[in-house]
Amino acid sequence: MNISVYIAISTDGFIARDDGDVSWLDSFNQDPESDYGFGTFFASVDCLVMGRKTFEKVLSFNDWPYANKQVAVLSQRGTSIPDTLSDTVECMHGEPEEIVNDLAKRGFKHLYIDGGETIRRFLASHLIDDLILTRAPLLLGSGISLFNRLEKEIPLKHLDSKSFSNGLVQDHYRIQKTKVKIT
């Protein structure tokens, strides 16, 4: 199983404003010719795993952006799933390892992890293989941090960088799975 993160961040490391607002990304989505590689990435994914807060934010958008892709929403207390999405969206709970094992048993091969808290939980469990971070040339100053406080260092191998005419810079990293002694 391959487990990936594909997410936009401000240059100072925030994925959203303090209230969860992501409208600061709108000005970078004006170019209809570029999806910054998301379409190719998303086509390789067979299941999207996100937290409840991210799911609720995505539900507030005009259109559901994940078409017929299977989506697992992680929530300890459950969440309301609209009838129009009930064929492809399910609520799950448990530790990241349990979620991955359950989805692997069901035949999923490439998971896309989304949402700050969910990404941090999967990172802490050493389950993320690839990080694709698209940095926006903007300092938010405060907000929801992608990495917040990690328990320990996570070594990365840089695989690729791309820059775009609107100032976005995308870096692709592989998580180093070797055990590193941190002192």
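Buried here means under 20% relative accessible area. The model is predicted.

Start with helix α2, residues 52-59. Select Arg52, Thr54, Phe55 and Val58, which are buried. Look down the axis of α2: the buried residues fall within an arc of 160 degrees, so they line one face of the helix. Now show what covers them, which includes the strands β3 (47-51), β4 (70-74), β5 (89-92) and β6 (110-114).

Next, select the largest nonpolar core, a set of 26 residues. Ile7, Val49, Leu103, Leu111, Ile113, Phe122 and Ile128 have the most contacts inside this core. Colour the elements that give two or more residues to it: β1 (2-10), β3, β4, α3 (96-105), β6, α4, β7 and β10 (169-175). The most comes from β1, which supplies four residues.

Centre on Ile113. Leaving aside residues up to four places away in sequence, Ile113 touches Ile3, Ser4, Val5, Tyr6, Val49, Thr118, Ile119, Phe122 and Ile128. Another core lies apart from the largest one and has 24 residues; select Phe41, Phe42, Met50 and Leu85, which are among them.

Finish with two backbone stops. Tyr36 sits in the loop between β2 (14-16) and α1 (38-43). Its phi is near 60 degrees, a positive value in a residue other than glycine. Tyr36 has a relative accessible area of 10% and is therefore buried.

Then go to His126, in the loop between α4 (116-124) and β7 (130-136). The phi of His126 is also positive, near 60 degrees, and this residue is not glycine either. With 42% relative accessibility, His126 counts as partly exposed.

Key. Residues numbered from 1 in each chain as written. Predicted model: local features only at pLDDT ≥ 70, side-chain atom pairs only at ≥ 80, totals over all residues. Heavy atoms only, no water. Buried < 20%, exposed > 50% of the residue type's maximum accessible area, 1.4 Å probe, protein only. Arc of directions from axis to C-beta. Contact = heavy atoms within 4.5 Å. Core = buried A, V, L, I, M, F, W, Y, C linked by side-chain atoms within 4.5 Å.
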